[in-house]
Amino acid sequence: MAGRLPWNIGGRSRHGRHAQLPLYEKPRTPSRERLTNDSYDESDYDEYSTTSSPGIGNSRQTSTTSSLAVPILAKPRLPVPRGAGRPYFYRLPNKVVRYLCFGLVSFIVLLILTLARASQMENRAHAEGKIGKKPPAPHVWEAYPYLTRYYGGIRNLVPVAQNKPEYPRAEDELPLDKLGFVQGIQAPEPSPAESRSVPLSKEFSAHPQSIFKTAHENFNECFLDSEKKIRVPEIRYYDGKPNGFPDAVLGSSELFGFPEDICFERYGRYSPYGLGYSARSGGLGTGEHGDRDGFESTWEKVPRVDWKSTNWAEIQRQCYASNAARYKPLPARQPTPHGFFVDEGNAVKGLSARDTTLDVPPQPSTAISKTDIIAEPLTEDRPKGAKGNVLPRTAVVVRCWDEFFWKEEDVMNMRSLIAELALASGGRYDVHLLVQVKNDAANPIWADSDTYKRRIEESIPAEFRGIVTLWTETQMLALYQGIFDLWARGPDLPVHGVYRGLQMAMQYFAYQHPEYDYFWQWEMDIRYTGHYYDLFSKMEKWTKEQPRKGLWERNARFYLPSVHGSWEDFKQMARVQTEMGVKGTDNIWEGVPGAEKDPQRNRGDKPIWGPERPKDPKDWYDAENDPTPPTTYEKDKYVWGVGEEADYITFNPMFDPEHTSWGLADDITGYNEGDGNGKPPRRANIITASRMSRRLLLTMHKETAFLKHHAFPEMWPGSVALHHGFKAVFVPHPLYVDREWPTEILAQTLNNGKNGASGGSRTSVFGDREHNLEGLTWFYRSAFSPRLYRRWLGLSVDNVGGEEFELVVDESKDGSNVGQMRGGEGRMCLPPMLVHPVKDVELPVEEKLPEVTIPESDPAA
């Protein structure tokens, strides 16, 4: 065919034709482009050369064929700018990735379960006490140095006018030279101090500031025996104080008229009650150690008393009988419900005015009944203020329990309490022991009168058995049924128990004893280094003189004379703080821009004037008989309440527990808190020791029985007094502190509640901050009180003090702290002060030898 080329021209092979097809180059790998940084590559030149030259299979081509075949040239590639190199990661297979994810999730779940289990086991170990808690950081007050001059003795006494107190002191005063306090007793080498003279002690009743001189009463003297021959020896004091003795940081002796220029050592205080002579002579068989110089002066006028056969019940009955003309006639006792008796007219034998219930075991036939009391004529004119037989009487009820282990120190303290109140007052006071039987299942005292009597004989020393009244928790449960229990302290502490229902027994005791107008609730671990009658009578007199205006506001504050000034200054400060308010945690952000403003908030508080009742009228009881103010708060000139006996007297401030961290603030039950009523107004005071009127106790008794109202014992009396408008007074008695607190800081710490009070705020000292009170001489967990009291008795505490300290001067010590005191000042001497708590005091006691009966000799032998 014309114009067409034959398939085989010139004998060319088939491969020659294929060589004419365009040749394509294998694309370059990305790695080659990414891994080079050159602008030009060698492959650029290869593209031109390889496509324009024949391949290997075309090596035999002729020039003719070359001229006829037109080659197809590849488009040359332009150089492409290359960026920075990036790494290339290898992708794991999906199967491997799934296994890895499953393993990771499993590990996380296992870790969570392990940690949760470990936390559970640790919490259980903490609850079981297997792991000790990390010790807390030391408190700020622990850095303050200890005061040393509390431990001075009778060989280093100085008049009060010459005494330079170690504390409190002004901030601008120069530091004290503590060795200067003992310069007068130093010796060139450690030597006995017995050669130095001891001043003479004096009878307390002769002191011009004692109650026996300032408020003399005429009554027939009381004796320890029916023949009226055995008297109680007088307690004795020393003039002055140990050189450098600190002043009271809280409260005041001047307010009450307590003697400030005297001090008591252990023999002058307790020798009249058996300290310092043997049991064979009728004493306690203890106190025959340490410095004893001058202790015999106790028995200069009155011989030692043989206390072995004492019966305090008979002694108190006899004392009252000889002075019955001074007091109100004994009222009829509360009838005890009982069934039908055919001999109803016959009286139960042996009952007396001191018996609590008609079903208690009969007393011995020598008991004096109400009908047997014949008032003896008074030997002198009737005292001023006693118009007719109208003087009220008071019961001092000491709380105890049947498993309490009586020691010699407890016995002599109880003897002093009865002798100095019942006998020294002419029967104005009676002392009772209110004893709880802890296990009434093992001791069914209500089922059998012999069991009642036997339990007293097993638990109480013989001389005090006649003044005992027993009670049990199940008895209180039967009396006060229907109280809704909040279980504020767990299932082991019910509301009828001794911890949360302590006041129940006192309420029923007052109901059973109409012969008393007032009831002091006392505790076995309270001690007073002065005379009890002087303490009680002066406190009662002072509270009677207090006006009601601003009373609750003053009751809520600690009084520090070195900071607050006089009592009148303190009264006005409390009034201003209440009316104007004080910056505190509850209003610290007031006035700050951006803070929420509460139009209802008032920085000041409304003063309490009259009853502060619960909101629901159904919670009121006998409101029509509550005292009401005779005029308005503004018009009163501090007149209302003056001359009125206090219904409630306490030794600690009565604080508002609302908003505080006190753990029992909400332990109040029986009130209607719904419908926006909230909890009723409350007041609490730490330590239940107090005086309560019969009116207050019967109101508490009936509210608990009929309205099922109740609160924690430290809050119940104060709250009832607040609801009914009864007169309640906090007594700022002298308190001492063991460390050198800056007084301004101490005042701010104690009165750190709402508007300068001690409560009403989260920063109140009561609750989480109670550790600040541990260094005071009056607090339920004070560490200072038991240490000070034991040292006063001549015992060694923490290897400091004791017999050698009292008798020997050690000049190798520098006097910088308590452990470095040189000693040799004799036995300690303390001013009148309340000390609490004092428990388990172990005094060295003489060995009790068996009595040996010596046969009488036969004269005819």
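Me: Which residues form the nonpolar patch on the surface, and how much accessible area do they have together?
Reply: In this predicted model, L104, F107, I108, L111, I112 and L115 form that patch, with about 620 Å² of accessible area together (Shrake-Rupley, 1.4 Å probe, with only the protein chains shown as cover for residues).

Me: Where is I108, then?
Reply: I108 lies in helix α5, residues 94-127 (a DSSP run of H or I, at least four residues; strands are E, at least two).

Me: And why does I108 count as partly exposed?
Reply: Because its relative accessibility is 43%, and partly exposed lies between buried, under 20%, and exposed, over 50%.

Me: New topic: is strand β6 mostly covered or mostly open?
Reply: Strand β6, residues 394-401, is mostly covered, since seven of its eight residues are buried.

Me: Which strands pair with β6?
Reply: Strand β9, residues 518-523, runs parallel to β6 and is joined to it by six bridges, while β7, residues 429-436, pairs with β6 in the parallel sense over eight bridges (pairing needs at least two DSSP bridges).

Me: How are residues numbered, and what pLDDT is needed?
Reply: Residues are numbered from 1 along each chain as its sequence is written. In this predicted model local features need pLDDT of at least 70, and side-chain atom pairs 80 or more, while totals for chains, interfaces and linings use all residues, and side-chain values use heavy atoms, without hydrogens and water.

How values were computed
Patches are made of residues with over 30% relative accessible area and no salt bridge: like charges are joined within 9 Å, nonpolar side chains (Val, Leu, Ile, Met, Phe, Trp, Tyr) within 5 Å. A salt bridge is a side-chain nitrogen of Lys or Arg within 4 Å of a carboxyl oxygen of Asp or Glu. Buried means under 20% relative accessible area, exposed over 50%, partly exposed in between (1.4 Å probe, protein chains only).
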